[in-house]
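Have the model open as you read.

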Amino acid sequence: MQEKIQNYWKVLPDFSWSSLLLRVPLAVVFIQQGLNKLPFDPTGGEAFGLPGLVWWVVIYGEIAAGIGLLVGGLTSIFGISQIKFIAELGDLITRFSGITMCCITTGVIWVVTKPSSVWDVVLNDNFHLFLWAGGLYFALRGNWAVAVTKR
């Protein structure tokens, strides 16, 4: 029985692009949220009590994080990832984009929704919780599966 189970795992395909199922929708949401705030107007941030500089960072951070997540994923394509330092650069871009997504989403949760507790976010703010968790996933995981030779 143990041998059958071990053989089962050997025949399963290795789908290294499975992160696209999370990467693409997350990137699209962030790019869309940033584009919806354009053109830059400091009064948009004032509605949330944010100074113009912070509002500018939010807008362009959302767009850049979404694009960075897509670009980071493209660097894991086999032919491209074989170019010297491209796989590592893509990993860094993905991780930085994930960190940026976490920072922006944390700010939105903290400043806009003003939850009374962490449980309030977990139980009532699913959209921002999923954006935050997706950003955290890519911040921690990056493109590690394709940037590092599997052993």
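Which helix gives the most to the nonpolar patch? Helix H4 (residues 52-74) does, with four residues; helices here are DSSP runs of H or I with at least four residues, numbered from the N terminus. This is a predicted model, where local features need pLDDT of at least 70 and side-chain atom pairs pLDDT 80 or more, while totals for chains, interfaces and linings use all residues. Residues are numbered from 1 along each chain as its sequence is written, and side-chain values use heavy atoms, without hydrogens and water.

The patch covers about 640 Å² and is made by Leu-35, Leu-38, Phe-40, Leu-53, Trp-56, Val-57 and Tyr-60. Its members have over 30% relative accessible area and no salt bridge, with nonpolar side chains joined within 5 Å.

| Residue | Helix | Relative accessible area |
|---|---|---|
| Leu-53 | H4 | 63% |
| Leu-140 | H8 | 63% |

Leu-140 also lies 7.9 Å from Gly-98, C-alpha to C-alpha, although 42 residues separate them in sequence.

Now for the largest pocket, which holds about 390 Å³ of space. Of its 22 lining residues, Val-58, Glu-62, Ile-104, Gly-107 and Val-108 are the closest to its centre. A lining residue has an atom within 4 Å of a pocket point, on a 1 Å grid where an open set has protein on both sides within 12 Å along at least five of seven lines. H6 (86-113) is among the helices that supply at least two lining residues each, and H6 gives the most, with eight. By class, the lining has 14 nonpolar, six polar and two charged residues.

Conventions
Patches are made of residues with over 30% relative accessible area and no salt bridge: like charges are joined within 9 Å, nonpolar side chains (Val, Leu, Ile, Met, Phe, Trp, Tyr) within 5 Å. Accessible areas come from the Shrake-Rupley method with a 1.4 Å probe; for residues, only the protein chains shown count as cover. A salt bridge is a side-chain nitrogen of Lys or Arg within 4 Å of a carboxyl oxygen of Asp or Glu. Buried means under 20% relative accessible area, exposed over 50%, partly exposed in between (1.4 Å probe, protein chains only). On a 1 Å grid over the protein atoms alone, a cavity is a set of points where a 1.4 Å probe fits but cannot get out, and a pocket is an open set with protein on both sides within 12 Å along at least five of seven lines; lining residues have an atom within 4 Å of a point. Grid points are joined across faces, edges and corners, and a volume is the space filled by probe spheres set on the points. Ala, Val, Leu, Ile, Met, Phe, Trp, Tyr, Cys and Pro count as nonpolar, Asp, Glu, Lys and Arg as charged, and the others, Gly among them, as polar.
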